[in-house]
Amino acid sequence: YVQFHLISPLIQQSAANIVLFDTFVNILSHNLGEPAYEADVAQLEYKLVAGEHGLVIQVKGFNHKLPLLFQLIIDYLSDFSFTPAVFEMITEQLKKTYFNILIKPETLAKDVRLLILEHGRWSMIDKYQTLMNGLSVESLSSFVKAFKSQLFVEGLVQGNFTS
């Protein structure tokens with residue numbers, strides 16, 4: 001079991017940054033779908049989570065091939081690229097996801113409660129409005145470049161691994 005948390009102070013600076021980060025993680029997951037399929041067949045699992053303060057990469061499975069899967073994820077992260085068509089598809093999916101959160105009273109109530117309790121939190125309404133106002137491909141590219149330049153990494157490795 002390997003888990004790394006790539007923390008960046010850039011994410012919480014604005015609602016637009018949070019939306020760009022969500023877009024980035026979704027595109028990265030989309031890009032990994034085909035190359036990581038063989039790892040899935042070999043009973044290796046990976047998960048990319050857009051956390052509050054950064055990207056959480058979780059990898060688990062048999063230890064002899066786990067570093068290869070982790071390296072694949074890191075390679076796609078470091079050489080991140082996307083097409084405008086994928087960008088449009090992911091932003092449309094995010095619009096639906098944000099809207100679905102807004103129309104459910106229990107999730108909206110949770111969001112409002114957390115907005116009151118947590119300093120510097122951006123509401124789902126702010127994120128949805130930012131997304132509806134439109135994002136550009138250039139803004140995502142510049143965000144990803146800035147995100148990768150301001151990273152702090154925390155990691156946990158459990159299981160049958162050598163140092």
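Student: By class, how many nonpolar, polar and charged residues does the lining of the largest pocket have?

Tutor: Please bear in mind that this is a predicted model. As for the general idea, rolling a probe the size of a water molecule over the atoms shows where empty space is left. Here, the lining of the largest pocket comprises eight nonpolar, six polar and six charged residues.

Student: What is the volume of the largest pocket, and which residues lie nearest its centre?

Tutor: The volume is about 380 Å³. Of the 20 lining residues, Gln12, Ile18, Glu52, Arg121 and Lys127 lie nearest the centre of the largest pocket. Helix H1 (15–32), helix H4 (84–103) and helix H6 (124–133) are the elements that each give two or more residues to this lining.

Student: In what order do the strands of the open sheet stand, and which of them are at the edges?

Tutor: The open sheet has four strands in the order S2-S3-S1-S4, and their pairing is antiparallel. Strand S2 (45–50) and strand S4 (152–157) are at the edges; each has a single partner strand, so one side of each lacks a neighbour in the sheet. From one strand to the next, the twist averages 10°.

Student: How many bridges join strand S1 to strand S3?

Tutor: Six bridges join S1 (residues 2–7) to S3 (residues 54–60), and the two strands run antiparallel. Within this pairing, Val2 stands opposite Val59 in S3.

Student: Which strands do helices H1 and H3 touch where they pack on the sheet?

Tutor: H1 touches S2 and S3, and its direction makes about 165° with that of S2. Helix H3 (residues 66–78) touches S1, S2 and S3, with its direction at about 155° to that of S3.

Key: Residues numbered from 1 in each chain as written. Predicted model: local features only at pLDDT ≥ 70, side-chain atom pairs only at ≥ 80, totals over all residues. Heavy atoms only, no water. 1 Å grid on protein atoms, 1.4 Å probe; cavity = no way out; pocket = protein on both sides within 12 Å on 5 of 7 lines; lining within 4 Å. Points joined across faces, edges and corners; volume = space filled by probe spheres on them. Nonpolar A, V, L, I, M, F, W, Y, C, P; charged D, E, K, R; others polar. Pairing = 2+ DSSP bridges. Axes fitted to C-alpha atoms, helices over the stretch in contact; angles between N-to-C directions. Contact = heavy atoms within 4.5 Å.
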